[in-house]
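Dear colleague,

I am handing over the structure below, and my notes on it follow. Please read them with the model open beside you.

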Amino acid sequence: MAQLGSLSAETETLSYALSLIEAFRAFDSDNDGSITAAELGGVLASLGYNASEEDTGAMMQQGDKNKDGLLSIEEFLEMNTRDLEHGGLASLLRDAFEHLDLNNDQSVTAEELCQNMENMGLELSLEDCQSIIASMDADGDGAASLEDLKLILNSLL
């Protein structure tokens, strides 16, 4: 059974990852799917940070793993999640999923979701949990798998 403290921490970290996706979208002012040094500098300036060209370049260099002069969403997420306790977004998703998967069958059912919510002190009806799982269930098997969760995250990127 998932431990309350651990599941709450995983939920908080997933929320952080989603906020990073929103931040990426704010930095990507031309909506081309990548952040340039100019976009990074512009957003930092709008937030009141007077980063020099050298500072902005160093930030870009830190995250730009493929050395194309741009930050992709994957590079941005990796750059901002590498210091998390579980080490990166993929590991984070896997850990969160494992906490939700109460019977360790590689899927989360509506019943498991309801049990997890109850363990966290949240009241959701079975119907609500069924609706949530149905919205995540890409393959129609009545449960959400780790792959379903990854598909949802990729659709947000």
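A disulfide is taken here as a pair of cysteine sulfur atoms within 2.5 Å. The structure holds one, and it joins Cys114 to Cys129, with 2.4 Å from S to S. This pair links distant parts of the chain, since Cys114 lies in helix α6 (residues 110-119) and Cys129, 15 residues apart from it, in helix α7 (residues 126-136); helices (H or I, at least four residues) and strands (E, at least two) are DSSP runs, numbered from the N terminus. Both Cys114 and Cys129 are buried, where buried means under 20% relative accessible area and exposed over 50%, with partly exposed in between (1.4 Å probe, protein chains only).

Please bear in mind that this is a predicted model, in which local features need pLDDT of at least 70 and side-chain atom pairs count only at pLDDT 80 or more, while totals for chains, interfaces and linings use all residues. Residues are numbered from 1 along each chain as its sequence is written, and side-chain values use heavy atoms, leaving out hydrogens and water.

In helix α3 (residues 53-63), the buried residues are Thr56, Met60 and Gly63. Seen down the axis of α3, they fall within an arc of 70° (taken from the directions from the helix axis to the C-beta atoms), so they line one face of the helix. The face turned away from that buried side carries the exposed residues Glu54 and Gln61.

Leu40 is in contact (heavy atoms within 4.5 Å) with Phe27, Ile35, Thr56, Met59 and Met60, leaving aside its neighbours within four places in sequence.
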